[in-house]
Amino acid sequence: MAKKKFYVVWKGKRPGIYHSWDKCLEQIKGFKGAQYMSFSSLSAAEEAYNSNYSAYKGKKKSSPELSARDLLKIGQPNFHSISVDAASSGNPGKMEYQGVDTKTKRRLFRQGPYKEGTNNIGEFLAIVHGLAYLKKRKSDRIIYSDSRTAISWVRKKKCNTQLKENKNNRELFELIHRAEKWLNANDYSTPIVKWETKAWGEIPADFGRK
């Protein structure tokens, strides 16, 4: 069975992420200067879509598996931590997020589903929720996320999504504005660390819907 691919269309009749080549082709056929690329996972496609075509043009679509030396260098995860993740049925689609204890996978918080959200928005909200959760409890644990995009947004204190606000996702955008306000009003020392999926497998907060 062929491995499933996800297709990002940056420039086309309707930019977005598509789960089949036929759907992707509909958006680029006859469109002058179309920009598109395939990815092996939805998370990689979402990260690319929230970036730009020039960052990916001419580069390999996937990286090789980690060597034994790489695995040794990365080491093991820090279990004095919480892990966060989001899931979205579509892009945009119904989105929810959660945070769990990294070691036990005990759920610490869960929000959603919200209408017309994206994975990266959910990841962003999950990290901010985790920061507030740990600050309230004066905990020195770290936060793991497998989304470089969301980590970057949190550091910039801005949810830099391309999604537009409308009457269906207004509640979600209210949460985004609240999260941005929290980041700008609060100091925190909690490290936000990228979960090394290739070395450690799926993040413990994963919804298991891939």
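Domain bounds here come from an automatic or database domain assignment. For our protein, that assignment gives domain 1 (6–62) and domain 2 (72–194).

A word on the ground rules, everyone. This is a predicted model, in which local features need pLDDT of at least 70 and side-chain atom pairs count only at pLDDT 80 or more, while totals for chains, interfaces and linings use all residues. Residues are numbered from 1 along each chain as its sequence is written, and side-chain values use heavy atoms, with hydrogens and water left out.

Let's start with how the two domains meet. The C-alpha centres of domain 1 and domain 2 lie 25 Å apart. Six residues from domain 1 and nine residues from domain 2 make the contact, where contact means heavy atoms within 4.5 Å. The area buried between the two domains is about 770 Å², and carbon and sulfur atoms give 35% of that. Buried area, by the way, is the accessible area (1.4 Å probe) that two parts lose on being put together, summed over both.

Which residues of domain 1 lose the most area to domain 2? They are Glu-46, Glu-47 and Asn-50, together 66% of what that side buries.

So what holds across this interface? The rule finds zero salt bridges between domain 1 and domain 2, a salt bridge being a side-chain nitrogen of Lys or Arg within 4 Å of a carboxyl oxygen of Asp or Glu. Three residue pairs, both at pLDDT 80 or more, are in polar contact across the interface. That term means a pair of N or O atoms within 3.5 Å; within protein, one must be able to donate a hydrogen and the other to accept it, and residues adjacent in sequence count only if both atoms are side-chain atoms. Helix H2 (residues 42–49) gives the most to the domain 1 side, with three residues. Helices (H or I, at least four residues) and strands (E, at least two) are DSSP runs, numbered from the N terminus.

Salt bridges do turn up elsewhere: a search of the whole structure finds four. In one of them, the side chains of Arg-141 and Asp-101 meet at 2.8 Å, N to O. Arg-141 lies in the loop between helix H4 (119–136) and strand S7 (142–145) and Asp-101 in strand S5, so the pair ties together parts that are 40 residues apart in sequence.

Finally, two backbone details. Most residues other than glycine have a negative phi, and most peptide bonds are trans. Lys-105, in the loop between strand S5 (93–101) and S6, has a positive phi near 65°. A cis peptide bond joins Gly-112 and Pro-113, with omega about 10°, and Pro-113 lies in strand S6 (residues 107–117).
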